[in-house]
Amino acid sequence: MLCLKNKSNPEWIESALKNLPSVIMDHAHCEKKAAGTGMSLLSTYFDKKEISLAMSDLVEEEIGHYRSVIKILDKMGLTLGRDEGDEYAKKLLSFVSKNEPQRMMDRLLTAGIIEARSCERLQILAENITDTELKNFYKELSDSEAGHYVTFVKLAKIYFDESDIKKRLDELTQIEAEIVKNLPNKPLMHG
């Protein structure tokens, strides 16, 4: 389960399957925001070669995922609506330090945690969707998100002491577990 301390609420998949178009639309927004996070990190930490290179790759991949999800929506006869925001991510990101260098570590670790949760949610979708094309798509994306989690943690290890990373990752994943436990199980990727 990567770094996660708990599984998603079982009620989430019930809600997701009842309103799959909403989940897919929200998924498009999540891919777009993941690319935005990568751009923000490479812009903020432009002097960190490893971050610049890794985030360049991540942005390219996330935009490709976004494009794929838009094509799925188009195939379903749907148009992407307005992004209503992600309360899960907002709550988790509110625990990111305001001061450097701790802020850089927190940003890398929270990005990794969000990718880990996305990986888990995509696996759940892949296991429960009956449409073969969507099932395969979500299985493939799940594997990709797991790789992104690893990328963010490896980046943190380049710049920070491993014991500090382990301690902070433990704190942030505990916070994330509480957030997930209290989610309302909306038909959203992190609902």
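How much space lies in the largest pocket? About 480 Å³ lies there. The model is predicted: local features need pLDDT of at least 70, side-chain atom pairs count only at pLDDT 80 or more, and totals for chains, interfaces and linings use all residues. Residues are numbered from 1 along each chain as its sequence is written, and side-chain values use heavy atoms, with hydrogens and water left out.

A pocket is an open set of points on a 1 Å grid over the protein atoms alone, where a 1.4 Å probe fits, with protein on both sides within 12 Å along at least five of seven lines; lining residues have an atom within 4 Å of a point. A volume is the space filled by probe spheres set on the points, which are joined across faces, edges and corners.

| Pocket | Volume | Lining |
|---|---|---|
| Largest | About 480 Å³ | 24 residues |

Lys33, Ala34, Thr37, Leu93 and Ile114 lie nearest the centre of the largest pocket. Helix 5 contributes the most to this lining, eight residues; helices are DSSP runs (H or I, at least four residues) numbered from the N terminus.

Elsewhere, the charged end of Arg121 sits over the ring of Trp12, 4.3 Å from its centre (the criterion is CZ of Arg or NZ of Lys within 6 Å of the ring centre and within 35 degrees of the ring normal).

Technical notes. Helices (H or I, at least four residues) and strands (E, at least two) are DSSP runs, numbered from the N terminus.
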